[in-house]
Amino acid sequence: DQYTRNKLGSKKERTLALIKPDVVTKIGDVIESIYSSNLIVTKAKMTRLSWSQAADFYMEHQSKPFFNNLVQFMSSGSVVAMEIMGDEATSVWRKLLGPTDSAAARKEAPQSIRAHFGTDGLKNVGHGSDSLDAAARELEFFFPSTIGHGPSNTATFTDCTCC
Ligand code: GDP
Ligand code: MG
């Protein structure tokens, strides 16, 4: 499942951190911020989404005026998908990213990743799942479980050995 417990019994969430094509060369800075926030990277994959894969991933926005631009952008270059884990990982990662619009991020959250590395309201460095349900669905999108097709690759971190 999405939770694992450390020795003190505190709940760890798993969530998706997706680095968008605009900053894929700055992945090191982003990973540093992740570790500085007490989250760890438990899976990582660099890939390139086709137009239709990007459209599937952002299905919830299909009726928005920016949908075509978003899908075009997300399929324009490599992305890095990471499963990250830690206390309240979903909200911690979204807070680390900052507001959706990079200009707003520079005003409202100057320490955030989007404030530092974002360009505008579209090219904004990263994606974070906005709920635990979304995290489960989006992790499955990038890291499909192999249950029923040999050993599962989703149970690797059931017991957190790092803390
Ligand atoms: P997020 O959860 O903070 O990433 O924001 P949303 O779920 O609302 O939007 C998904 C992504 O669509 C954003 O991260 C942006 O890349 C893009 N996006 C959102 N709103 C706008 C907008 O008003 N204009 C443009 N061009 N892109 C947008
Ligand atoms: Mg969103």
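Predicted model: local features only at pLDDT ≥ 70, side-chain atom pairs only at ≥ 80, totals over all residues.
**Annotated site.** I started from the UniProt record, an unreviewed entry, whose "binding site" annotation covers Lys20, Phe66, Arg94, Thr100, Arg114 and Asn124. I then checked some of these residues in the model.

**Lys20.** I found Lys20 in the loop between strand E2 (11-19) and helix H1 (27-36). Is Lys20 buried or exposed? Lys20 counts as buried because 21 other C-beta atoms lie within 10 Å, and the cut-off is 20 or more. Leaving out neighbours within four places in sequence, I get contacts from Lys20 to Met74, Val79, Val125, Gly126 and His127.

**Phe66.** This one sits in the loop between helix H2 (51-57) and helix H3 (67-74). Phe66 comes out exposed, with 12 other C-beta atoms within 10 Å.

**Ligand 1.** I listed what surrounds ligand 1: His61, Phe66, Asn69, Leu70, Thr100, Gly121, Leu122, Asn124, His127 and Asp130. Sorted by class, that shell has three nonpolar, six polar and one charged residues. Phe66, Thr100 and Asn124 are in the shell and also in the UniProt annotation.

**Helix H4.** Arg94 took me to H4 (residues 89-97), where Ala89, Thr90, Trp93, Arg94, Leu96 and Leu97 are buried. What covers them includes E2, H1, strand E4 (78-86), helix H6 (113-117), strand E5 (126-128) and helix H7 (132-142). After H4 comes Gly98, with a positive phi near 95°.

Definitions and conventions:
Residues numbered from 1 in each chain as written. Chains lettered and ligands numbered in written order. UniProt positions renumbered as here; feature names shortened; annotations may be inferred. Helix = DSSP H or I, 4+ residues; strand = E, 2+ residues; numbered from the N terminus. Contact = placed C-beta atoms within 7 Å. Near = placed C-beta within 6 Å. Nonpolar A, V, L, I, M, F, W, Y, C, P; charged D, E, K, R; others polar.
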